[in-house]
Amino acid sequence: MLSRRGLLTATAAISASAVSGRVQAASIPEAPTMDKAVMQPPLRPSSGPDYNPVVTLNGWTLPWRMNGDWKEFHLVAEPVVREFAEGMKVHLWGYNGQSPGPTIEAVEGDKLRIFVTNKLPEQTTIHWHGVLLPNGMDGVGGLNQPHIPPGKTFVYEFQMKHSGTFMYHPHSDEMVQMAMGMMGMIVVHPRDPSFRPVDRDFVFIMSTYLVDPGTYLPKITEMTDFNMWTWNSRVFPGIDPLAVRLNDKVRVRIGNLTMTNHPIHLHGHSFAVSCTDGGWVPESAQWPETTIDVPVGAIRAFDVVADNPGDWAFHCHKSHHTMNAMGHDVRNLIGVSKKDLARAVGKLAPDAMVMGSTGMAMGEMEMPMPDNTLMMMTGSGQFGPIEMGGMFTVMKIREDLARDDYKDPGPYKYPAGTVSYEVDAPSQPPVRKDKPAGAPKEGDMKAMKGMKAMKGM
Ligand SMILES: [Cu+2]
């Protein structure tokens, strides 16, 4: 007996030999599926205009087939299991085996036919965010089209009139379906390959979830207090690094379907926004940045010349967004003597750990955790713990990468004498040459005596 997949493949093979250029609604292309959460190699174009394909962090590009002059894709909306990082899997809704869905890649002027099969337990639609298209293809359920019932397949047909960066997501029970992870990116390359070309092109979408430690489902009604801040439904240390060759021109395209803005910061470089979901920013209108705010429901792409070798932190600058779940409710105990507290807590809960009296850095310390969650601060580098989570990864700029090599090149080998180092000056008070302006007078000093004793000076 033919499996569904086998049947689809057979159908695809028959129709490929029978392309007439006419709509063949009965012939639905295969819906490829992805079982991995690591970056898949870029899909180089085998026909049509040449372009430098994007790579999707922890994701993939949806293969298509040509049918006459139509580029045909098949998205399947379905429940998926997504690994956020090693040790945590979340039950989401997505497309073709993963959340977010695969990146849809096309060229300006392409005619797209996108089949959408609904394998969810409820109705859905797809809205093509930012794409300028006929109203009946815009995907707002009830307004532009009937909702797609479970088990049914609808077709969207439109021409990509503009190049740029766009998104797709449901416009049907939107709050639930987006909170469950249904979204993906669309990249449309300029027809003219000499228009703003780059050597490396990365894309990802930001989404947030509240997944209580020890559980597997996001709380879909949450509006503000999320504990998993993700790039492509992954958190540090599970987010792919951006491997880049020294002096490459790099484009990073970022979509935001969370409930808040994210100021995205890259260390060691200055750059500018080149493109939004509204189109290309003229070069004369760009200004230099090291942090780019990505508003809700928007896309920002920035272009950067990677002229500074090393391992450069790349992250959201809201510090709570570079945190994972466990430990979010910890009180501020900085300055509190924890000896007595630890003794008291130890009587009540022998496994508990009183933390935070000097800060929250925990080094390599392990603490007992519920199943299926991630430490608030984790990950390690060549010099020790990195103490990050959430929306954090590393741009790794190296001299010796091949053109299509996006593999993690490992830790940066620092040239001798280029790393910050400890000086041999044990516990000496800092030498201050001049009395600073407004320094305390003799009388004040007496009053401060007690405080000095307290500080042990
Ligand atoms: Cu953020």
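R196 is buried, with a relative accessible area of 14%, because buried means under 20%. This is the starting point of a tour through a predicted model. Please select R196 and display the backbone around it. R196 is found in the loop that runs between β10 (184-189) and β11 (200-209). The phi angle of R196 is near 50°, which is a positive value in a residue other than glycine. Most residues other than glycine have a negative phi.

Next, select D173. What is the phi of D173 near? The value is near 45°, again positive in a residue other than glycine. D173 lies in the loop between β9 (164-169) and α2 (174-179). Is D173 buried or partly exposed? D173 is partly exposed, with a relative accessible area of 34%.

Most peptide bonds are trans. Select S99 together with P100: a cis peptide bond joins these two residues, and its omega is about 0°.

For the last stop, select F236 and P237. Which kind of peptide bond joins F236 and P237? The bond is cis, with an omega of about 10°. Where does P237 lie? P237 is located in the loop between β12 (228-231) and β13 (242-245).

How values were computed:
Residues are numbered from 1 along each chain as its sequence is written. This is a predicted model: local features need pLDDT of at least 70, side-chain atom pairs count only at pLDDT 80 or more; totals for chains, interfaces and linings use all residues. Side-chain values use heavy atoms; hydrogens and water are left out. Helices (H or I, at least four residues) and strands (E, at least two) are DSSP runs, numbered from the N terminus. Buried means under 20% relative accessible area, exposed over 50%, partly exposed in between (1.4 Å probe, protein chains only).
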